[in-house]
Amino acid sequence: MTSHPLTSHLRTKHRLYAAALGTLLALSGIAPTAGATPPRSIYDGAWSVLIVTRSGSCDASYRYGVQISDGMVIYDGGGPITMQGRVTPKGAVRVIVSAGSQWADGSGKLTRNTGGGVWKGQGMSSACAGIWQAERRVD
């Protein structure tokens with residue numbers, strides 16, 4: 001028994017679609033890493049930052065995550081926090097953080113995997129100041 005030419009054509013077309021779809025699905029698993037752009041700054045990536053208060057009535061310490069992307073510092077958490085920051089190609093950092101009426105202005109230096117500096121700002125009831133330490137997160 002021979003198949004109808006139209007049925008044979010549809011089966012071939014169906015096989016081509018299935019093969020193309022299978023290829024696309026297989027490639028989709030590697031596309032994000034194969035097509036990803038390399039970091040533009042040696043500081044790009046995920047960082048953990050420890051804030052330590054040395055004077056004033058702010059919290060004694062606080063740890064949070066940031067992302068650095070093309071030298072821009074981006075808060076890696078939720079909540080009503082605004083963060084503006086930049087890392088220069090030589091590692092100098094300047095960050096301003098605010099949440100409501102509270103704010104902090106920090107500066108310092110990063111190396112490839114660590115960093116640190118100082119900060120000053122305004123807490124709920126008084127001016128505060130302290131230090132910060134950063135380390136690159138390994139995911």
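Contact here means heavy atoms within 4.5 Å. The model is a predicted one, in which local features need pLDDT of at least 70 and side-chain atom pairs count only at pLDDT 80 or more, while totals for chains, interfaces and linings use all residues. Residues are numbered from 1 along each chain as its sequence is written, and side-chain values use heavy atoms, with hydrogens and water left out.

On to the overall layout. The chain has two helices and eight strands, taken as DSSP runs numbered from the N terminus (helices are H or I with at least four residues, strands are E with at least two). Along the sequence the order is α-α-β-β-β-β-β-β-β-β. Of the contacts with a separation of 6 or more, 36% are between residues 24 or more positions apart. Buried residues (under 20% relative accessible area, with exposed being over 50% and partly exposed in between, for a 1.4 Å probe and protein chains only) account for 25% of the 139 residues. The accessible surface is about 9500 Å², and carbon and sulfur atoms own 61% of that; areas come from the Shrake-Rupley method with a 1.4 Å probe, and for residues only the protein chains shown count as cover.

Next, the largest pocket. A pocket is an open set of points on a 1 Å grid over the protein atoms alone, where a 1.4 Å probe fits, with protein on both sides within 12 Å along at least five of seven lines; lining residues have an atom within 4 Å of a point. The largest one has a volume of about 830 Å³, that is, the space filled by probe spheres set on the points, which are joined across faces, edges and corners. Its lining takes in 37 residues, and Ile51, Tyr62, Tyr64, Val97 and Ala104 are the ones nearest the centre. Strands E1 (45-55), E2 (61-69), E3 (72-75), E4 (82-87), E5 (92-99), E6, E7 (114-122) and E8 (127-136) each put in at least two residues, with E6 giving the most, at seven. By type, the lining splits into 24 nonpolar, eleven polar and two charged residues, where Ala, Val, Leu, Ile, Met, Phe, Trp, Tyr, Cys and Pro count as nonpolar, Asp, Glu, Lys and Arg as charged, and the others, Gly among them, as polar.

Strand E6 (residues 102-110) is also where Asp105 sits. The side chain of Asp105 makes a polar contact of 2.6 Å with that of Arg94; such a contact is a pair of N or O atoms within 3.5 Å, where within protein one must be able to donate a hydrogen and the other to accept it, and residues adjacent in sequence count only if both atoms are side-chain atoms. Beyond residues up to four places away, Gly108 touches Gly91, Ala92, Val93, Gly116, Gly117 and Trp132. Gly108 counts as partly exposed because its relative accessibility is 25%.

Two other residues round out the picture. Thr53, in strand E1, has 17% relative accessibility and so counts as buried. The Thr53 side chain reaches the backbone oxygen of Asp59 at 2.6 Å. Asp70, in the loop between E2 and E3, has a positive phi of about 55 degrees although it is not a glycine. Its relative accessibility is 34%, so Asp70 counts as partly exposed.
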